[in-house]
Amino acid sequence: MDRVVVSGARPTGSQHLGNYHGALKNWLALQGEARCFFFVADWHALTTDYAAPATIDANTVEMVLDWLAVGLDPERSTIFRQSAVKEHAELFLLLGMLTPVPWLERNPTYKEQREQLADRDLSTYGFLGYPVLQAADVLMYKAWAVPVGVDQAPHIELTREIARRFNAYYRPIFPEPQTLLTATPKILGTDGRKMSKSYDNAVYLADPAAQVERKLARMVTDPRRARRNDPGEPTDCPAYLSFHRLYCTPEELLRVEEGCRTAGIGCLECKQIMIRHVQAELEPIRARRATLEQADALAALEQGTERARTVAVRTMAEVRDALGVRT
Ligand code: SF4
């Protein structure tokens, strides 16, 4: 258990199946294998949402409640709020001193996100520098690995470069973290676009069973199947691509594929096959979530913050010593 894993998520509030399959399930698996630090990246949220921060606090609590409901255990994983461990800000500042701006400008998500989020001004110092903050988040705990999707891999490479530069200038303090590429299935929302809170197309972990049923029964399918007798193609069906493929047994998949292509099965009947599996997976999460209250999330965060801070204070003492900046 000496291997340290660090991962964070912006406070997006209630978690949906996209969050679950994209990160939380993987975190759960890591919880038994490594010393895990999972944090609410509330300062990161400010890099894009600085003009409207009002929901960050409530979203933090909602998100952590869902983390607990899926089985993240505050006794085994250190669950904390980034902004509660101020050492992150100090390390961010110090690493910023040695990070060349071109390293940040070439970050592929920098340009991409600025284009995607064209409704806000992201020509800010904080937004350009957020990979340095990420590096501080990870290096603070001397992570062995960081689980990320493929789009985040360049950030870990940048973290390694920053660690290397620090170690070379001063003395070797930081291990270079590995990228733990996670095979994250792309979960589509009920309208066929990427599942996202902002598209209003998400199935939430805490949705009551009847609502899950309603949402998935309405989910878009292959448009060729406009009428019951029209054959379709499962690989053009968002419901199949996201849910059947993920949840159904090989036998069920055969039945679905053949039934779809021959119009032997209707879409509603076909969806019922996967809805049963989704409900079975969500049921224990819903049950646990129903027993949790805001105080449980706050207690988990408090406990985790204490533990995270103990490590962070130790790391920062080493960093200051290496730099010769003693306070
Ligand atoms: S039959 Fe099933 S796989 Fe085919 S379009 Fe309908 S829901 Fe999708």
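What does the accessible surface of the protein chain come to, and what percentage of it belongs to carbon and sulfur atoms? The accessible surface amounts to about 15500 Å², and 53% of it belongs to carbon and sulfur atoms. Accessible areas are computed by the Shrake-Rupley method with a 1.4 Å probe, and for residues only the protein chains shown count as cover. The model is predicted, so that local features need pLDDT of at least 70 and side-chain atom pairs count only at pLDDT 80 or more, whereas totals for chains, interfaces and linings use all residues. Residues are numbered from 1 along each chain as its sequence is written, and side-chain values use heavy atoms, with hydrogens and water left out.

The overall form of the chain may be taken next. Its secondary structure consists of 14 helices and five strands, where helices (H or I, at least four residues) and strands (E, at least two) are DSSP runs numbered from the N terminus. The C-alpha trace spans about 75 × 45 × 35 Å along its principal axes. The radius of gyration is 22 Å, which agrees with the value near 20 Å that a compact globule of 327 residues would have; this radius is taken over C-alpha atoms, and the globule rule is 2.2 Å times the number of residues to the power 0.38.

Of the 327 residues, 50% count as buried. Buried means under 20% relative accessible area, exposed over 50%, and partly exposed in between (1.4 Å probe, protein chains only). Among contacts with a separation of 6 or more, 78% are between residues 24 or more positions apart, a contact being heavy atoms within 4.5 Å.

The structure holds 11 aromatic pairs. One of them joins W27 and F38, which are stacked at 4.3 Å centre to centre with 5 degrees between the planes. Since W27 lies in helix α1 (residues 17-31) and F38 in strand β2 (residues 35-40), the pair ties together parts that are 11 residues apart in sequence. Rings of Phe, Tyr and Trp (its six-membered ring) pair if their centres lie within 6.5 Å; planes under 30 degrees apart count as stacked, over 60 as edge-to-face and the rest as tilted. Both partners are buried: W27 has a relative accessible area of 2%, and F38 has 0%.

Helix α4 (residues 87-98) contains L95, which is buried at 0% relative accessibility. Apart from neighbours within four places in sequence, L95 is in contact with V132, A135, A136, L139, I162 and F166.

P172 is located between α9 (153-169) and β5 (178-181) and is exposed at 69% relative accessibility. P172 and V319 are 147 residues apart in sequence, and their C-alpha atoms are 9.8 Å apart in space. K142, in the loop between α8 (130-139) and β4 (145-148), is not a glycine and has a positive phi near 50 degrees; K142 is partly exposed at 26% relative accessibility. A263 is likewise a residue other than glycine with a positive phi, of about 60 degrees. The loop that holds A263 runs between α12 (250-261) and α13 (267-291), and A263 is buried with a relative accessible area of 13%.
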